[in-house]
Amino acid sequence: MTEEERQVLEFVRRFHQVCLEEQDMEQVGQMISDDIEWTGAGRYNRVNGRENILNAFEADQNGKKYDYQILSADYAVSLLAGHIYSFSGSCYVRGKREVLEDGERVVRATGICRFEDGVGYMMRLHHSLPNRAWESDLQRMTQEDVRVLRSLVGLQSKELEEKNSNLDALIQNIPGGVICCRDDEDLELIFYSDGFLKMFGYTRDEMETVLENKFSRMIVPEDLQSTRLDVIRQMKNGNTKEIEYRVICKDGSYLVIQDNGQLVMRDGQPVFYCILIDITERRKADEELKMSLERCQIILNQATDIIFEWDIKSDTLTCSPNWIKKFGYQAIRDHISEEVLRRGNLHNDDKKIFVQMQKEVLLGSPYGENEIRIATKDGRFIWCRVRYTLQTDQDKRPARAIGLIADIDKEKREKERLLELAEQDSLTGLYNRGAVQTLIQRYVVKALPSDRCALMILDVDNFKKVNDIYGHLSGDAMLRDIADMLRRLFPENAVLARVGGDEFAVLLYHVRTLGEVEEKADGILKNFRSILRQQKDTISCSIGISIAPENGDNFASIYKNADAALYQAKRQGKNRYALYAESLEDVMTPEGQTDVAGAAVMDQKLADQNLTGYVLDILSRSHSMEKSINQLLEIVGRQVDVCRVYIFEDDEDGIRSSNTFEWCKEGVQPEKENLQSINMEELDHYYDNFNEEGIFFCRDVSTLLTHQRMILENQGIKSVLQCRIMDQGKPRGFIGFDECMKNRYWTGNQIRLLQTISRILGIFLMKGRAQERLDRAMNGFSAALEEQRDWFYILDMETCQFLYTSRKVQEQDPAVVCGGVCYRVFFGADRMCEGCPMLMLDSVRTSASSLVWNRNRKCYVHTRAQAVLWPGGREACMISCRIVEGLEKQREEPENSLEEEK
């Protein structure tokens, strides 16, 4: 028998002593679970729940029904799963009152209890008097039922772990901190999330040793008493609280905290589950707004910019007098939300920006800035920068937006002019080589498979002789004439560019037939002959043509194939065009390629490296990160022919690093076990060796600083090549090659290969490590989350399937179940809603919010989308919704309506 089994046995004996002899209701209540099932409890045959059990005991005691003395007891315990035990046995009791007629009797007891950290709770209990049926039941319990119970408890434990894992993912992604504390004077902390520690700057060790896990010590003393009074007042109206107070951080600074919590019973004791949100910046914004209002009148008469005030409740606009000076007419005053969009004062392309700016104001954004075009009296549009600051009323609802309208028309148009110059060829005014490559790639990638296009490369025949005869000035004029001719031939549905000295490119959109392309090519050839007609001379060109998607699906392949066709046209005698065919690749020579095509082919070769593709294939298909990375290190090591390939991963502080993966060539001594938790700063600041591109190149380690040289030479290393592993712009470790046989020059291809492998492995490795941290964390905070005012649900970012839904969402729509597709469940649609805030998220923007109209509930809803990482490494999106009161009258007309709420 284990020590814990002996403790469980003593717990069972003590329970029956309290229950039968002492009949202490308070102690009984502390020794049973909230959802206990008790058969044979007092005057009731079967009772469920702690409260009902205690009521039954109280009724028995009031009736003075029984009074027992335990003479002896014999019990047996058995482990089912985890900390769950079953027990069975009997105790011999004697009645101490005359009402007990039987004198001595045997009380049989069987049940299940949970025992952990020295504390036990009865979960299931059965008391009965002995009979033969009971004896056979007991025998079956000890043989067959125990196995069934173990299986059942194991299954329930697994389900509980999965639920806790999902819930923990929610907790770790909730902005702010999450805590559980006792309802006592010290507010003793039972649990606190990593976000709580990050918010206030403490470690878990400091919370336990310095603050003794007493949250009251962190609250500003001046706020502590008023906070207690607020909680007492709110508890009179329910079991939830929403309060604000200041908290002292580790560095001595203050944060203003909004505390949303709920009082619940945990193991018989009242505790608070709370979500803490930092609203310090919001408080500062409110104070800055008040100060700006005081300065407003002073600025009004001095500023050259237009000052405006939008009264949100009355939907009226007030502008300073210089509006009329700038635009030549009176500004709209009433019904701003509708009239600004209805009239022609805003450029059509900027109306969506104006609507979005309105949304942000209504959502409570403290300030914002946008650039829009506003019409003048004569119909001209002026670029303006609009800045606003929000003012809230005493109920903290948006009341006014106050700001400036600045004329940036000259600045904006100058930027546009400079941008056009950067994309244009200075001689001809056509697109230059860099711009046309971007435009062609963008079009080809986004085009539908049925949307064909043709790329024509034009090369002027014998243009060097033209320059020799007519001179460079005339040659430049001739190139400008060619550009003008192309503009006339292709007034629309085409991209025109000069990509070299005498080389042009034409991308023709929406090609239906090859005959259409050949007709355009014939037109170019004919028009070329007329350029020098006045000088009684002729000039010609050769044209190579490739068709997409048949001849390529990216710029590099399309351009290479068009260039091959151009070379064929030259070989056939010039002054003609040629369509690309696969057979042309056999006659293509490097000398026949243009500069642009040569660069494109090289880029394509680099993109098609077999090793890089193999690495991606292994990592994407592997179910074991450890196994696949070790396999890849071996492949790379043998490919580059080095002695050792390895990965170091930094600790959270970025100071220490450990060798976590290693491959060694035959005969080379492994060093992984000797390279754990290395202080990189003590190695003469080792990371200073890496350049801006994250590369450390060393042919001879003997040239390094003392500590660096020693640690490398002790491993028999002569040359190293290392590359930093980055995660979201931050260094997380490095991958490296060691050469132990000779001093080695590292080639450019090897450096580029190491950089590529570093980026690929870094993505998979960091994602795997993050998933491991998520999977290890488990805690139950469903009560606090479910009682928030917001509705929560989580969607798979790719499939829009529900991964989690809060109780409030299910109450609103019972059809919402995990695995269902969001837009199908809510609207019966076959695709995502156009206004879904999840569409606003990308690799840079991880959160977005909007104000939407819910047609079913007839109200505006503040909807927020937050990208989260779901257990298993799935990319997901957490959606939170909250009804915005008091805005029903501001709903726009259908043609300008906001997105409907899910």
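Guide: Glu-244 is partly exposed, at a relative accessibility of 26%. In this predicted model, Glu-244 makes a salt bridge with Arg-283, and 2.6 Å separates the closest N and O atoms. Glu-244 belongs to strand β9 (residues 240-248) and Arg-283 to helix α8 (residues 280-300), so a strand and a helix are tied together by residues from parts 39 residues apart in sequence. The relative accessible area of Arg-283 is 34%, which makes Arg-283 partly exposed, because anything between the 20% limit for buried and the 50% limit for exposed falls into that class.

The next pair joins two strands. Arg-400 forms a salt bridge with Glu-309, with the closest N and O atoms 2.9 Å apart. Arg-400 sits in strand β16 (residues 398-407) and Glu-309 in strand β12 (residues 306-311), so this contact ties parts that lie 91 residues apart in sequence. Arg-400 has a relative accessible area of 31% and is partly exposed. Glu-309 is partly exposed as well, with a value of 31%.

Lys-214 forms a salt bridge with Asp-186, the closest N and O atoms being 3.8 Å apart. The loop between α6 (204-209) and α7 (221-235) carries Lys-214, and the loop between β7 (177-182) and β8 (189-192) carries Asp-186, so the two loops are tied together across 28 residues of sequence. The 3.8 Å distance counts as a salt bridge because the limit is 4 Å between the side-chain nitrogen and the carboxyl oxygen. Lys-214 is partly exposed at 22% relative accessible area, and Asp-186 is partly exposed at 32%.

Asn-213 counts as buried, at 15% relative accessibility, whereas Lys-214 is partly exposed. A positive phi is found elsewhere too: Asp-117, not a glycine, has one of about 55°. Asp-117 lies in the loop between β5 (104-116) and β6 (119-128) and is exposed, with a relative accessible area of 73%.

A network of salt bridges connects Glu-369, Glu-371, Arg-385, Arg-387, Glu-411 and Lys-412. The structure as a whole holds 45 salt bridges.

What do charged side chains without such partners form? Asp-651, Asp-653, Glu-681 and Glu-682 make up a negative surface patch. They can be counted in a patch because the criterion asks for over 30% relative accessible area and no salt bridge. Glu-682 is exposed, with a value of 55%, and its place is the loop between β24 (678-679) and β25 (695-698).

For contrast, there are the buried positions. Helix α1 (residues 3-22) holds 20 residues, and its first and last C-alpha atoms are 27 Å apart, close to the 28 Å expected at 1.5 Å a residue. Among its buried residues are Glu-5, Val-8, Leu-9, Phe-11, Val-12, Phe-15 and His-16. Residues three or four places apart in an α-helix point the same way, because a turn takes 3.6 residues. Val-8, Phe-11, Phe-15 and Val-18 belong to the buried set of α1. Just after α1, Gln-23 takes a positive phi of about 50°.

Further along, Gly-261 lies in strand β10 (residues 254-266) and is buried, with 7% relative accessible area. Its C-alpha is 9.9 Å from that of Val-271, 10 residues away along the chain. Phe-490 is in the loop between α15 (472-489) and β18 (494-498) and counts as buried at 5% relative accessibility. Phe-490 and Lys-520 are 30 residues apart in sequence, with their C-alpha atoms 8.8 Å apart.

One backbone detail remains. The peptide bond that joins Ala-548 and Pro-549 is cis, with omega about 15°. Pro-549 lies in the loop between β20 (541-548) and α17 (555-571).

Notes:
Residues numbered from 1 in each chain as written. Predicted model: local features only at pLDDT ≥ 70, side-chain atom pairs only at ≥ 80, totals over all residues. Heavy atoms only, no water. Patch = residues over 30% accessible without salt bridge, like charges linked within 9 Å, V, L, I, M, F, W, Y side chains within 5 Å. Areas by Shrake-Rupley, 256 points an atom, 1.4 Å probe, with all protein chains shown as cover. Lys, Arg positive; Asp, Glu negative; His and termini not counted. Charge placed at Lys NZ, Arg CZ, Asp CG, Glu CD. Helix = DSSP H or I, 4+ residues; strand = E, 2+ residues; numbered from the N terminus. Buried < 20%, exposed > 50% of the residue type's maximum accessible area, 1.4 Å probe, protein only. Expected span 1.5 Å × (residues − 1).
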